[in-house]
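Please keep the structure open while you read.

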Amino acid sequence: MNNIKAFGKFLDQPLLVSKFQRKIPAILASTSIAYTVSQVKKTEKEHKKEQALKTGITIGVTAISALAAPYIASKLANRALPLNTDSIISNNKKLVDYFIKNTNPEKEITNILEKSKEKILNLKEVKKLYQNLNKTEEGKIFLEKLIPSPQNISAKDIFSEIGYLSIFGAVPVVGGILGGIFADRLTDKPHWKEKIPAKIEEGAYQYLANIFMCNVGAGIALGITEKAGITSKASRAIGMTLGIITTGIVGGSKIANFISSKLIEPCFNKCNKTKNILEKELLKQTHKDRTPEILDIGLHTDDIATVSLLSGLKWIEPALPLMYTLSGYRAGIGYRN
């Protein structure tokens with residue numbers, strides 16, 4: 001086994017994925033606090049308290065929503081949650097004990113197997129394990145149970161997986177909008193209602209351009225590659241990336257701007273009784289489409305996760321709350337170029 005394959009197996013360890021997932025709340029909390037502090041430091045002294053409340057509430061509600069997202073998405077999409085760490089350890093103990101009892105491997109391999117019950121193996125240990133146990137059919141079956149190989153998702157499962165990811169992405173965006181509205185209600189009572197349209201427009205942009213349409217593009221591309229009989233993970237990943245670029249980054253942006261200018265803004269202008277006809281017409285004339293920026297392109301790192309998940313790689317999934325929190329926060333502050 002070469003180093004690249006060994007590294008792939010190292011990342012596929014269920015214990016590694018599970019323990020990484022357990023650290024996400026702490027990572028997200030510390031990052032949110034650090035960002036809030038940095039924003040407050042940049043604010044004038046007389047507005048620091050207001051900024052702390054506004055940023056802290058918006059990013060806090062968004063982060064909580066992002067952490068709740070996998071549970072909500074799993075429930076709505078009827079998708080099982082990954083096993084927790086305790087369950088994985090329990091399964092590993094039974095599996096390893098049975099294998100050692102029936103095969104009596106050499107001492108070095110036995111020591112690695114004993115470690116694998118409760119701890120993450122390092123790259124060298126994973127490589128050693130596969131070099132020794134992959135020689136027999138019994139060893140191959142055992143390794144596949146200990147560190148399951150990524151499975152290509154079939155065409156019939158593609159859109160249920162996309163549904164899960166799309167719900168997952170929607171929850172932090174909705175949370176960000178609600179958190180932003182609540183923060184404005186506390187810190188800017190005279191004008192908080194006026195800021196709602198920008199939040200919903202930005203939320204629509206973040207969700208359609210940076211999340212939903214990208215998922216759809218990846219799913220369509222994956223369906224095409226399967227129809228064509230392509231099974232290579234690399235080819236499927238390239239196809240999904242192209243699908244994301246054409247359907248998501250380009251198409252999603254246009255759809256989001258269309259919805260903003262033709263639906264969201266007219267709706268709020270109609271409902272806002274305080275604006276006269278001249279003010280409404282001025283708002284209509286000064287409307288600008290939301291255009292992709294450098295950070296928006298950076299946000300598409302979550303599409304790497306989409307491609308990875310739809311390619312059968314599960315180790316990236318725990319990081320999704322971190323990625324989607326940024327989209328939710330930008331919606332919450334009503335960011336518009």
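**A lysine tucked away**

Lys117 counts as buried, because its relative accessibility is 11% (buried means under 20% relative accessible area, exposed over 50%, and partly exposed in between, using a 1.4 Å probe and protein chains only). This is a predicted model, in which local features need pLDDT of at least 70 and side-chain atom pairs count only at pLDDT 80 or more, while totals for chains, interfaces and linings use all residues. Residues are numbered from 1 along each chain as its sequence is written, and side-chain values use heavy atoms, with hydrogens and water left out.

Where does Lys117 sit? Look at the loop between helix H5 (107-116) and helix H6 (123-133); helices are DSSP runs of H or I with at least four residues, strands are runs of E with at least two, and both are numbered from the N terminus. Setting aside neighbours within four places in sequence, Lys117 is in contact with Leu15, Ile89, Asn92, Lys93, Val96 and Asp97 (contact means heavy atoms within 4.5 Å).

Now for a charged partner. Glu114 forms a salt bridge with Lys117, and their closest N and O atoms are 2.9 Å apart. A salt bridge here is a side-chain nitrogen of Lys or Arg within 4 Å of a carboxyl oxygen of Asp or Glu. Glu114 is partly exposed, with a relative accessible area of 37%, whereas Lys117 is buried.

How many salt bridges does the structure hold? There are 8. In one of them, Lys128 pairs with Glu108, with 3.6 Å between the closest N and O atoms. This pair links distant parts of the chain: Lys128 belongs to helix H6 and Glu108 to helix H5, 20 residues apart. Lys128 counts as partly exposed because its relative accessibility is 27%, and Glu108 is also partly exposed, at 41%.

Another salt bridge joins Lys195 to Asp188, where the closest N and O atoms are 2.7 Å apart. Lys195 has 28% relative accessibility, so this residue counts as partly exposed; Asp188, at 17%, counts as buried. Elsewhere, salt bridges that share partners join Lys54, Asp184 and Lys199 into one network.

Finally, a word on confidence. The mean pLDDT of the protein is 83, and 81% of its residues reach 70 or more; pLDDT is the predictor's confidence in each residue, from 0 to 100. Over residues 282-286, pLDDT stays under 50, and the model has 2 contacts beyond four places in sequence for this stretch.
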